[in-house]
Structure formats: structure tokens, C-alpha cells
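Hello,

Here is the structure I promised to pass on. Please open it alongside this note; my findings follow below.

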Amino acid sequence: VYSVGIFPFFVKWLAEGQAGKDAGLTDAELYACNSTSLHPQPSNMMMPGMGITAGSVPQAIQFAKTGLQILVLLTFSAFGDYGSYKFRLLKILTWLGSFLVFLNIFCTHSSLYWLAGVSHILAGACFVLCVSYYNAYLPLMMKNYRGDSEQLADITDAASNKGMLAGYVGGVSALVMSWAILAFLECDPCKNACSEFDLFIWPAVSMAMVGLWWCGFSVITFLTLKTRSGPPFPRKANIYCFGWKEAGAGLRAVLQYKQTLIFCVTYFIASDALATLTNNAFLLKEEMSGEGPEGERTTMVSLHFLFILGVAGAMAGIFLYSGLQWLLGASAKCMLLIQFSVMTLVAIAAVSGGFKSIGYMPIMAPVSLTVGSMQSYFRSIFSLLIPPGKESAMFAFFEITDKGSALVGTAVTFIIHNVFHSYLPSMYYIVFGFATSLAILCFLDVDQGMRDLGKAEEPEE
């Protein structure tokens, strides 16, 4: 609701308002139903004192947030595995993160775009650490189970799946609540005259609701969750450097095994292309709407509706690709090859004028159906190519690779918008990313990789 559904557009509109007012425009001109008469468009106006376009502000904030998330994960994630600090830190970070999200309720004037950006960056750091510490609780709670290893694996999978399901139910429920608030209360410039306050107050309330939601449900957790300390900190080890050493150990392990290295290179490029595509999808929709014959301003509630469809499509796509895999008897690698091909064709269609000739939803529907399943296949293959005994270091490296790759695409989009004043050219980068990933993945031999790691026997002559 907050990070994907509202914030990118909210902060972009705030930045456009600030840039427009610096250029001498009034609220009536900036927040009119049709802005096609404005030259340049508000998103292409320069931010005062910054030298960047208003439309690139979301990418600048996303870049800073992702960079800080990588930094805090590497520095503080070890507290989730060792010692007794994670419960205390989990509570502190939850209260701080939810408060930072709630601060958006005050961002109803374009001059406060900086407050929305800073609170988003810091809240993202709190959130990613909270997720890390929550994940650390699962093995600690499961270790008290008395049974054989197969039963333990089954009950751990069941607990994990129930937790993921609860998260999806909570996310969709909050999304529907936010949609209801916006559907009934958001000011639409095409129906009524909207002041700056009228335009921003209800999206701000929806984001503040996310902060209250996060805080409120966490109270239930903290009333029932025990401290559950992990093992003692390793002797003669700097706990703040431990995460950096784990990531370094993962990198060294990757470099030792050819097939694991091939997959990690593929994952880095494809993950970046996927993140760039999903992050820019709704910004592209807004851009396309503004360029249409009516040039009407996009409302937050209309974007929310598309986001709900996207979530539903991602869930449906998991079943769709699973069924296709069963029918074809295909491996996870073959399914990824199919999905990379689909994504490449989608990006080619977009840069070939498909948004105007075919339509936004038909072009982007395959993306929605593919995104969830693709991430599942990534993890499935990676788990097969992890050197025995290095699971912790490798998954730490996997997460850092995911975050690190997102930095590249965000930076590229930022540069593209400042140069071309449009998000559409980023599709050329996405074509390159998925086409390159497709070519590299063809050289991956998962069976050979497992044999190299001693997880499978050599084939008989």
C-alpha cells in the first residue's frame, strides 16, 4: 500500500507541485484536470536547487532507500541470529518505522516533499531489519519441536506458509481499505476544483493508516512473542562486521563453482530488469494517461485498482506457470527461459508503440502473471546450487544481490528521465536485461552444478 501503491506517485506529485510553483504556476494550473497546455509538463520541470526533474525524484529516493537498506542489513542483520537483542530491536524499529510512515499525514503541501522522502528512506531501513529479525524467529521456535528431521521440515514449511499467507491477507486487506478511503474521499480534479490540500490529504491519510496498521498489529505480536535468544556472539568477532563477512564468504563460495556463478550473474541482471519493470510500470501508466487525447490527470484510486489487479495476477500466475510446468514436464531452468522470453517480448512491444496501439493492460498483463512465479523459480534453482554448509552465507549473499541489483536499474531510470523526460526509454534497458539473462542462462547446467557440489552422483557411462 505504502511503498508501491501510493508513495511513488505521492512524492512525484509533491515534487511537481514544488517545481511548478518555483516556475510561477498556480494551484489551478498545476492541479487541473487537463495539463497538456503546460510546457514543459510538471514532471519535466526542474527541482529548485537540485538540477533534476520532478519526475525523477521517486527514483532518487528509491536509490537512497535501497542503498541504506543494504548498509543496515550488512551491519545489523547479525543481531537476528546471535544474542538476545533482536526482540528489543524489533520493538524499537517497529515503533520508529510506523511513526515515520505516520508522518506522511503532515505532507499535504508540496514544499514538504523532502519530509515524505526522508521518512520513506528511514522507514524502509526499519522495515527491512524488522523482516530480517522476524525471519530469524522461525528456526528458533521450530528447534523446540520434538520429532524426526522429515517431520521438522514439514512443520517448518507449514509454519512458513501460514505466515506468508497471513502476510498476503493482511496486505490485500490494507489495500482494499486504502482503496475505499480514496474511492469515496479523494478529490478528482476532473470532477471538482481541488486545492493542493484537497489533492494530497486523503493519500496522506491512507499512508498514515499503514503506520497505524503496522504499529497496531505488532502490539499483538509483542504481547505473545518471547525473547528467544540466539547462540552467543562468535568470540573475537566484531558483530557489526559479521554481516559483511557473511556476504564476502558467499561471494567467495560463488566464485569457486562455475554453475553457481553463472546462475548468480543471471540472477543479478534479471532481478534488476524485473525490479526496474515493476517499479516503472505504474509510473508509465500515469505518463501514458497524461499523453492521451484527453490528457486527464491520473487519480490515486485508479492506480490502486490497477495495483489490486496486479497482485491478483501475480497470485494467479503462480498456479498458471506451475500447471504449465507440469504439462510440459519442464525444469525450473526451462520455465525461467520461457519467462525471460515473455518479458523481453513485453519490453519490445512497449518500445515499439504497443502502449498506444494495443493498450497498457494487454501489454502489462503478462508481467503481472509472471513476476511472482519468476521469483519462486529463482529461489528454487539457487537452493540447489548452494555449497553444503554455507547456506547462511549464501542466502545473505542472495538477498544483498537482490537489493544491489535494484540500485542499478533505479540509477538508470533516474538518468533516463532527466535526459529524455520520459520513463518509456527505460524499456530499452529492460529488453537488454532480460535478453542478456536469457543468453547467459542457456549456459547453466543445474545437474552439473549439483554434481560439482556433491549433491548428485556422476552419471553412469
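Start with helix α1, residues 2-22, in this predicted model. Its 21 residues should span 30 Å at 1.5 Å a residue, and the end C-alpha atoms lie 28 Å apart, which agrees. The helix is mostly covered, with 16 of its 21 residues buried. G24 follows α1 and has a positive phi, near 95 degrees.

Now the overall picture. The protein has 16 helices and zero strands. Of its 461 residues, 48% count as buried. Take the contacts between residues at least 6 apart in sequence: 82% of them join residues at least 24 apart. The accessible surface is about 21800 Å², and carbon and sulfur atoms account for 66% of it.

Next, the salt bridges. The whole structure has four. One of them joins E286 and K12, with the closest N and O atoms 3.0 Å apart. This pair links distant parts of the chain: E286 sits in helix α9, K12 in helix α1, and 274 residues separate them. Are these two partners buried or exposed? E286 counts as buried, because its relative accessibility is 11% and the cut-off for buried is under 20%. K12 is buried as well, at 4%. K12, E16 and E286 are linked in a network of salt bridges.

K21 is worth a look too. Its side chain meets that of D27 in a salt bridge, at 3.4 Å from N to O. K21 also forms a salt bridge with E196, where the closest N and O atoms are 2.9 Å apart. E196 lies in helix α7 (residues 196-224) and K21 in helix α1, so this pair ties together parts 175 residues apart in sequence. E196 is buried, with a relative accessible area of 3%. K21 counts as partly exposed at 28%, and D27 is partly exposed at 27%.

The largest nonpolar core has 122 residues, and F10, F355, F378 and F434 have the most contacts inside it. Helix α9 (residues 258-290) gives the largest share of this core, 13 residues. What does F434 touch, beyond its neighbours within four places in sequence? Its contacts are A270, A273, L274, L277, F340, M343, T344 and M374. In soluble globular proteins, nonpolar side chains tend to be buried together.

L324, W326, L327, L328 and I338 make a nonpolar surface patch of about 560 Å². Helix α10 (residues 300-328) gives the most to the patch, with four residues. L328 is found in that helix. L328 is exposed, because its relative accessible area is 53% and exposed means over 50%.

M361 lies in helix α13 (residues 360-384). M361 counts as partly exposed, at 45% relative accessibility. Beyond its neighbours within four places in sequence, M361 is in contact with L306 and L309. M361 and L306 are 55 residues apart in sequence, and their C-alpha atoms are 8.8 Å apart.

Last, the region around H421. H421 lies in the loop between α14 and α15 (426-441). Its phi is near 60 degrees, a positive value in a residue other than glycine. Most residues other than glycine have a negative phi. H421 is partly exposed, with a relative accessible area of 34%.

Which residues does I416 contact, leaving aside neighbours within four places in sequence? They are H421, S422, P425 and S426. I416 is found in helix α14 (residues 391-420) and counts as buried, at 11%. The C-alpha atoms of I416 and S426 are separated by 6.7 Å, with the two residues 10 apart along the chain.

N44 also reaches H421. N44 is in the loop between α2 (27-30) and α3. Its contacts, neighbours within four places in sequence left aside, are T53, H417 and H421. N44 counts as buried, at 14% relative accessibility.

Best wishes

Notes: Residues numbered from 1 in each chain as written. Predicted model: local features only at pLDDT ≥ 70, side-chain atom pairs only at ≥ 80, totals over all residues. Heavy atoms only, no water. Helix = DSSP H or I, 4+ residues; strand = E, 2+ residues; numbered from the N terminus. Buried < 20%, exposed > 50% of the residue type's maximum accessible area, 1.4 Å probe, protein only. Contact = heavy atoms within 4.5 Å. Areas by Shrake-Rupley, 256 points an atom, 1.4 Å probe, with all protein chains shown as cover. Expected span 1.5 Å × (residues − 1). Patch = residues over 30% accessible without salt bridge, like charges linked within 9 Å, V, L, I, M, F, W, Y side chains within 5 Å. Core = buried A, V, L, I, M, F, W, Y, C linked by side-chain atoms within 4.5 Å.
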